[in-house]
Amino acid sequence: VTLRPTFPRSEWELMRKKRLAGLEEARQDPSSMASRAWAHLMYGDSYAGQLSNEYAYKRMSTKDMKKWWQVHVAPTHSMVLVGGDITLEEAIPLLESRFGTWKDPRRVASHDKPLAEALPTFEQSTIFLVDQPGAPQSVVKGGLFVGDELGEDWAAFDLANLAVGGQFTARINMNLREDKGWTYGARSGTRHNYLPGLWSAGGSIVTPHTADAVVEIMAELNGALGDKPVTADELAAARGGKLGTWPLSFENPGYLLDETATMWRYDRPDDWLSGRISRYESVTLEQANAAFKARIDPSKMVFVIVGDAATIAEPLAEQTGLPVVRIDADGRPVE
């Protein structure tokens, strides 16, 4: 399959139908709608913001696929990761027998990494609303870019985030779930790729309290940045949660392989794994709070909310004081 793929048209026709059906379903599922709109709004036309769509699937042919494979798939672009009860001495002959004759094609494409400068910018916090009439819950997702996880203060920021919104006992979840009862769970976290880290917070909120939840999330962020910084107990709980169960991850070979692939793909340092415990254990309370202040700016938050616009649009505008912009499930403005 790797060396001599045939790209049978019959298989693509079957897959095309599944992909088109999946798109139709994604535009009806609130979580999928929020994720698609969020990706396009935040990443714009960069590779991470380009959404799958009907036009592309209908236009695509197996001839296009084969051409792409001939240009891009090559041993110089490849890495084989093997995990399990096997040694390198045992693995190499198996690989050589199957891939030893694999040669680079005449043309091997190279790509420049995407530029952060090309990403959309937002001068003020804004709410982007996707209408789903009659929805009993609203999917709320708000966040901003927080920079590279290779920064010296990343471990400090990560621990502060765990205290504010990244785990069950964090402030945002305790507020919205345990205290208010508006959601089954609300979290914050960061995703990474070739572009700056994208931090977000939110969850599924009962419709009548959608605007209230946005207000409370903003209040928790402003509190952590102001008169309610992360405490020593919260930092200890975050550190324990981060490191306490981490060694168990290595019982599954797939975890180490995934981490190795990430290091290779994103140019992570050699001590990305081996130095993790020392990096997190050395974080002080002052460093955690300073890192959170340096990376989180509530005045530049972007919210995507999928819910019943007839019920939530007016309260969102009135209670948050933020502009509310209507968009469709693909993140495009609508009248």
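**Aromatic rings**

The whole structure holds 10 aromatic pairs; rings of Phe, Tyr and Trp (its six-membered ring) pair if their centres lie within 6.5 Å, with planes under 30 degrees apart counted as stacked, over 60 as edge-to-face and the rest as tilted. Select Phe 99 and Trp 102. Their ring centres are 5.9 Å apart and their planes stand at 45°, so this pair is tilted. Phe 99 has 31% relative accessibility and therefore counts as partly exposed. Trp 102, at 18%, counts as buried. Here buried means under 20% relative accessible area, exposed over 50%, and partly exposed in between (1.4 Å probe, protein chains only).

Before moving on, note that this is a predicted model: local features need pLDDT of at least 70, side-chain atom pairs count only at pLDDT 80 or more, and totals for chains, interfaces and linings use all residues. Residues are numbered from 1 along each chain as its sequence is written, and side-chain values use heavy atoms, with hydrogens and water left out.

Now select Tyr 47, Tyr 194 and Tyr 266. These three form one aromatic cluster.

**Charges over rings**

Go to Lys 180 and Trp 182. The charged end of Lys 180 sits over the ring of Trp 182, 5.7 Å from its centre. The test is NZ of Lys or CZ of Arg within 6 Å of the ring centre and within 35 degrees of the ring normal. Next, show Arg 268 with Trp 272. The charged end of Arg 268 sits over that ring, 5.3 Å from the centre.

**The sheet**

Select the strands. Helices (H or I, at least four residues) and strands (E, at least two) are DSSP runs, numbered from the N terminus. Six strands make an open sheet in the order S3-S4-S2-S5-S1-S6, with mixed pairing. Two strands pair if DSSP finds at least two bridges between them. S3 (186–191) and S6 (324–327) stand at the edges with a single partner strand each, so one side of each has no neighbour in the sheet. On average, neighbouring strands are turned by 20° against each other, direction ignored. Axes are lines fitted to C-alpha atoms, for helices over the stretch in contact, and angles run from 0 to 180 degrees between N-to-C directions.

Zoom in on S1 (126–131) and S5 (302–307). They pair in the parallel sense over six bridges. Val 130 stands opposite Val 306 in S5. Contact means heavy atoms within 4.5 Å.

Select H6 (154–166). How far apart are the end C-alpha atoms of H6? They are only 14 Å apart, short of the 18 Å that a straight helix of 13 residues would reach. That expected span is 1.5 Å times one less than the number of residues. Of the 13 residues of H6, 12 are buried, so the helix is largely enclosed by the rest of the structure.

Move to H4 (62–72). Its buried residues are Thr 62, Trp 69, Val 71 and His 72. They pack against H1 (9–26).

**Positive phi**

Most residues other than glycine have a negative phi. Select Phe 7, in the segment before H1. Its phi is near 50°. Finish at Asp 267, in the loop between H10 (253–265) and H11 (276–281). Asp 267 has a positive phi of about 55°. It is partly exposed, with a relative accessible area of 48%.
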